Amino acid sequence: MAMNVTVSSACFSVFSYKKVKRIKGAASEDFAAPAALRFRTEEETKVKLGGSELRVTRLGIGAWSWGDTTYWNNSGWDDRKLKAAKAAFDASVDRGITFFDTAEVYGTTFMGAINSETLLGRFIKERDRKNRGVEVAVATKFAALPWRFGRQSVLNALKDSLCRLELSSVDLYQLHWPGVWGNEGYLDGLGDAVEQGLVKAVGVSNYSEKRLRDAYERLKKRGIPLASNQVQYSLIYRAPEQNGVKAACDELGITLIAYSPIAQGALTGKYTPENPPTGPRARIYTSEFLTKLQPLLNRINEIGENYGKTPTQVVLNWLIAQENVVPIPGARTAEQAEEFSGALGWRLSNNEVDELRTLASKISPVMSFPVEKL
């Protein structure tokens, strides 16, 4: 979840390009074990976001890395990465994953990159030209920058996002992080967006328990449900369980959307103490940390082998097993998207869920996103 503060204001009108409908007969075979998944009804594959009427797939795709040159992609964006991102989008839809999360601050116009919203909008349009009838649920986010004040700033930013996405409305609009000067005006802007038909549902991100409850109550007065709170949540970062956020979400009927659910790759088994990640992630997932992580990764791998699943699929399924949680791993390639789909259609046993939590509790948590503590 990046915090680039370069926000384009080049768009001033809302395109009338319509949302497209659900593709039928999408591939449903499992990445690791093709026989493990079957075609499932929408009731089985989708969940309602909080108290809203919006239904999304049980697992979504995060688009933070699409177009980004500050945290991902080794500070560069090129045609090869663009084609890979498009392939990731198509593979997700082919596998029945149709919920995509982006933000106005994902991606940058510097160094030849493109805004993530622009890319997602382009991918949707290109897909619709080839396969009409594809329904994609789009979530994006408002950046609560210090120089933005009041409800109108939310509406203005939303209209710019719609322009980049080339959509007339989005399914979910979220406040990306708490405002420095308060959130009442921003929340009022979310309500206005619902009433003006620009969004189907609204949510927040990186909100503490208190802020979450305040937002819920303010929107409730207008008869608008707070659909979601998007926070960092993974097997090795369980702060939402410890700071009251998860419990508050369950109590109030707010869906918890989990970003960084595979700990930016650390839980996939791809990295080892001898082969740590590069770039900014190297400061978080150090060789020392990865050494401490190995016993947990070994057990994840053993459990996965019993199900014919990869470690990635196991840790995503662990989150889904928490109930009222929709993980949104980032997919940069088609192969990653295909693998993510294998987290669906099965479930870890309760004993395995508890065992993994116990093993993970022996590891010091990774660094959180600072605004969670505002």
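Helix axes are here lines fitted to C-alpha atoms over the stretch in contact, and the angle between two helices is taken between their N-to-C directions, on a scale from 0 to 180 degrees. In the predicted model described here, helix α2, which spans residues 79–94, packs against helix α3 at an angle of about 55°, the two axes lying 10 Å apart. Because an angle counts as roughly parallel under 35 degrees and as roughly perpendicular from 65 to 115, α2 is oblique to α3. The crossing of these two helices is right-handed.

On the side of α2, the contact is formed by Leu82, Ala85, Lys86, Phe89, Asp90, Val93 and Asp94, and these residues face Leu119, Leu120, Arg122, Phe123, Ile124, Glu126 and Arg127 of α3. Sorted by class, the residues of this contact comprise eight nonpolar and six charged ones, with no polar residue. In total, the structure holds 25 salt bridges.

Helix α3, which covers residues 116–130, also packs against helix α4, residues 150–165, at an angle of about 45° and with the axes 7 Å apart. This angle, too, makes α3 oblique to α4. Glu117, Thr118, Leu120 and Gly121 of α3 make the contact with Ser161, Arg164 and Leu165 of α4, and the residues involved divide into two nonpolar, three polar and two charged.

The strands considered next belong to an open sheet of eight strands with parallel pairing, arranged in the order β3-β4-β5-β6-β7-β8-β9-β10. Its edges are formed by β3 (61–62) and β10 (325–327), each of which pairs on one side only. Within the sheet, strand β5 (residues 137–142) and strand β6 (residues 170–175) run parallel and are joined by four bridges, with Ala139 standing opposite Leu172 in β6. Helix α6, formed by residues 209–220, packs on the sheet, where it touches β7 (199–205) and β8 (226–232), and its direction makes about 160° with that of β8.

Helix α6 has a further partner in helix α8 (residues 245–252), for the axes of the two helices come within 9 Å and cross at roughly 20°. The helices α6 and α8 are therefore roughly parallel to each other, and α6 passes α8 in a right-handed crossing. In this contact, Glu209, Leu212, Arg213 and Tyr216 of α6 meet Val245, Ala248, Cys249, Glu251 and Leu252 of α8. By class, six of the residues are nonpolar and three are charged, while none is polar.

Notes: Residues numbered from 1 in each chain as written. Predicted model: local features only at pLDDT ≥ 70, side-chain atom pairs only at ≥ 80, totals over all residues. Heavy atoms only, no water. Pairing = 2+ DSSP bridges. Contact = heavy atoms within 4.5 Å. Parallel < 35°, antiparallel > 145°, perpendicular 65-115°, else oblique. Nonpolar A, V, L, I, M, F, W, Y, C, P; charged D, E, K, R; others polar. Left-handed = near helix turned anticlockwise from the far one by under 90°. Salt bridge = Lys/Arg side-chain N within 4 Å of Asp/Glu carboxyl O.
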